[in-house]
Amino acid sequence: MSIRSNEELDPNEGPSFTEFAVLASLFAIILLLIPVGVFTFSWPVWLLGLLLFIDLGLLFLVSMTAVFLLRVFFADRRRGRGRTVGVARQPMVISSAPTPEPDAAATSVSPEADAQADQDQAGGNLA
């Protein structure tokens, strides 16, 4: 068996979701049988140890199957992303630079408006 990297995964080569469900169900059943066998049926220790080792093997198979299925699922989702049709637009640049202050010469204020603003700040006009 060779190690393949950066290749597409073929979902038909690996285990199916049905196999995963069967393995996970068998794992859960045996995992529940162990304490039931200890406290209810008083099974011998060698049988409980055998069930424990079988359960550890099933745990390994369930985890490897889950990893394969997740890789296939996310590789399939990744393929659907991205822009495939049309022209890409220029990226938007959002900067956090402060806006420049307006010039004093560019904004001319009449003396009457300046006096009215001073009076408003002092609380003389509460309109």
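Which residues does Val62 touch, not counting residues up to four places away in sequence? Select Val62 and display its surroundings: the residues touched are Phe20, Leu23, Ala24 and Phe27. A contact here means heavy atoms within 4.5 Å.

**Before continuing**

The structure is a predicted model, in which local features need pLDDT of at least 70 and side-chain atom pairs count only at pLDDT 80 or more, while totals for chains, interfaces and linings use all residues. Residues are numbered from 1 along each chain as its sequence is written, and side-chain values use heavy atoms, with hydrogens and water left out.

**The whole chain**

Display the protein chain as a cartoon. The chain has 3 helices and 0 strands, and its pattern along the sequence is α-α-α. Helices (H or I, at least four residues) and strands (E, at least two) are DSSP runs, numbered from the N terminus. Of the 127 residues, 10% count as buried. Buried means under 20% relative accessible area, exposed means over 50%, and partly exposed lies in between (1.4 Å probe, protein chains only).

The protein chain exposes about 11200 Å², of which carbon and sulfur atoms supply 64%. Accessible areas come from the Shrake-Rupley method with a 1.4 Å probe; for residues, only the protein chains shown count as cover. Among contacts in the chain with a separation of 6 or more, 70% are between residues 24 or more positions apart.

**The nonpolar core**

Select Phe27, Ile30, Ile34, Leu51, Leu58 and Val62. These 6 residues make up the largest nonpolar core. Helix H1 (17-39) and helix H2 (45-79) each supply at least two residues of this core. A nonpolar core is a set of buried Ala, Val, Leu, Ile, Met, Phe, Trp, Tyr and Cys residues joined through side-chain atoms within 4.5 Å.

Ser63 is partly exposed, at 31% relative accessible area.

**A nonpolar patch on the surface**

Select Leu52, Phe53, Leu56 and Leu59. Together they form a nonpolar surface patch with about 410 Å² of accessible area. Leu52, one of the patch residues, is located in helix H2 and is partly exposed at 42%.

**Aromatic pairs**

The whole structure contains 3 aromatic pairs. Select Phe17 and Phe20: their ring centres are 5.9 Å apart and their planes meet at 35 degrees, so the pair is tilted. Rings of Phe, Tyr and Trp (its six-membered ring) pair if their centres lie within 6.5 Å; planes under 30 degrees apart count as stacked, over 60 as edge-to-face and the rest as tilted. Phe17 and Phe20 are about one helical turn apart because they are 3 residues apart in helix H1. Phe17 is exposed, at 59% relative accessibility.

Then select Phe73 and Phe74. Their ring centres are 5.0 Å apart and their planes are at 75 degrees, so this pair is edge-to-face. Phe73 is partly exposed at 43%, and Phe74 is partly exposed at 45%.

**The loop between H1 and H2**

Finally, select Ser42, in the loop between H1 and H2. Most residues other than glycine have a negative phi. Ser42 is not a glycine, yet its phi is positive, at about 55 degrees. Ser42 is exposed, with a relative accessible area of 57%.

Conventions
Patches are made of residues with over 30% relative accessible area and no salt bridge: like charges are joined within 9 Å, nonpolar side chains (Val, Leu, Ile, Met, Phe, Trp, Tyr) within 5 Å. A salt bridge is a side-chain nitrogen of Lys or Arg within 4 Å of a carboxyl oxygen of Asp or Glu.
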